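Please look through the sequence and the structure shown below before reading on.

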Amino acid sequence: MIHATLMPESGSDARLHCADRVYRAVIGAAGVSASKEEGDHATPTGTLALRRVLYRADRVKRPEVGGLPLEPIAQSDGWCDDVTHADYNTQVALPHPARHEELWREDHLYDIVVVLGHNDAPIVPGRGSAIFMHLQSPDGKPTEGCIALTEADLRAVLASGVAAIDVSKPQS
């Protein structure tokens, strides 16, 4: 089992250390937080297991995932981020009655998306939902709390067999 370590630098800039390589990563606009809350734009600290990988089979080649579960994203896939709904922080089928994110996006951020193990065992309403590792925006814009890499870097991390990412607050 390989662990990668995410080292926040400043603001939303970070470095992901995986095996012998270091990758430039983009994190939440609010940096990292040990007390993640829904909508705070922070990336949660802790050990985040890689649960499974989703990808847009109509846009990108199937990624090598080192044994992680892998499935294509469908137009009907979403993720519930409504803290008042029983489906909070779970993948849902669209249309869905509660507030949600669409996984089938017009931009390319979710062409490859890794579901990270945050607030899922057990799920606590309001402690953060839809924490993913996904593709960076072309302008390097901060995420809403996720970890973003370039496509080449995300593919390399997944192919390495990484099973978890350790995220900690920067040392002062």
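Does Ala-19 count as buried or exposed? Ala-19 counts as exposed, because its relative accessibility is 60%; exposed means over 50% relative accessible area, buried under 20%, and partly exposed in between, calculated with a 1.4 Å probe on protein chains only. The structure is a predicted model, in which local features need pLDDT of at least 70 and side-chain atom pairs count only at pLDDT 80 or more, while totals for chains, interfaces and linings use all residues. Residues are numbered from 1 along each chain as its sequence is written, and side-chain values use heavy atoms, with hydrogens and water left out.

Ala-19 is placed in the loop between β2 (13–18) and β3 (21–26). Strands here are DSSP runs of E with at least two residues, and helices are runs of H or I with at least four, numbered from the N terminus. Although Ala-19 is not a glycine, it has a positive phi of about 55 degrees. Asn-89, likewise not a glycine, has a positive phi of about 60 degrees. Asn-89 is found in the loop between β8 and β9, and it counts as buried because its relative accessibility is 7%.

Two prolines also deserve attention. The peptide bond leading from Leu-94 to Pro-95 is cis, with omega near 0 degrees, and Pro-95 lies in the loop between β9 (91–93) and β10. The bond from Ala-121 to Pro-122 is cis as well, again with omega near 0 degrees. Pro-122 has its place in the loop between β11 and β12.

The aromatic rings come next. Rings of Phe, Tyr and Trp (for Trp, the six-membered ring) pair if their centres lie within 6.5 Å; planes under 30 degrees apart count as stacked, over 60 as edge-to-face and the rest as tilted. By this rule there are two aromatic pairs. Trp-79 and Phe-132 form an edge-to-face pair, because their ring centres are 5.2 Å apart and their planes stand at 90 degrees. This pair links distant parts of the chain, with Trp-79 in strand β8 (residues 77–80) and Phe-132 in strand β12 (residues 132–135), 53 residues apart. Both Trp-79 and Phe-132 are buried.

Tyr-110 and Phe-132 also pair edge-to-face, since their planes are at 90 degrees, with the ring centres 5.5 Å apart. Tyr-110 lies in the loop between β10 (100–102) and β11 (112–116) and Phe-132 in strand β12, so this pair ties together parts that are 22 residues apart in sequence. Tyr-110 is buried, with a relative accessible area of 3%, and Phe-132 counts as buried at 1% relative accessibility.

Arg-105 lies over the face of Tyr-110, at 4.5 Å from the ring centre. Arg-56 lies over the face of Trp-104, at 3.5 Å from the ring centre.

An α-helix has 3.6 residues a turn, so residues three or four places apart point the same way. After α1 comes Gly-161, whose phi is positive, near 90 degrees.

Terms used: Lys NZ or Arg CZ within 6 Å of the ring centre and 35° of its normal.
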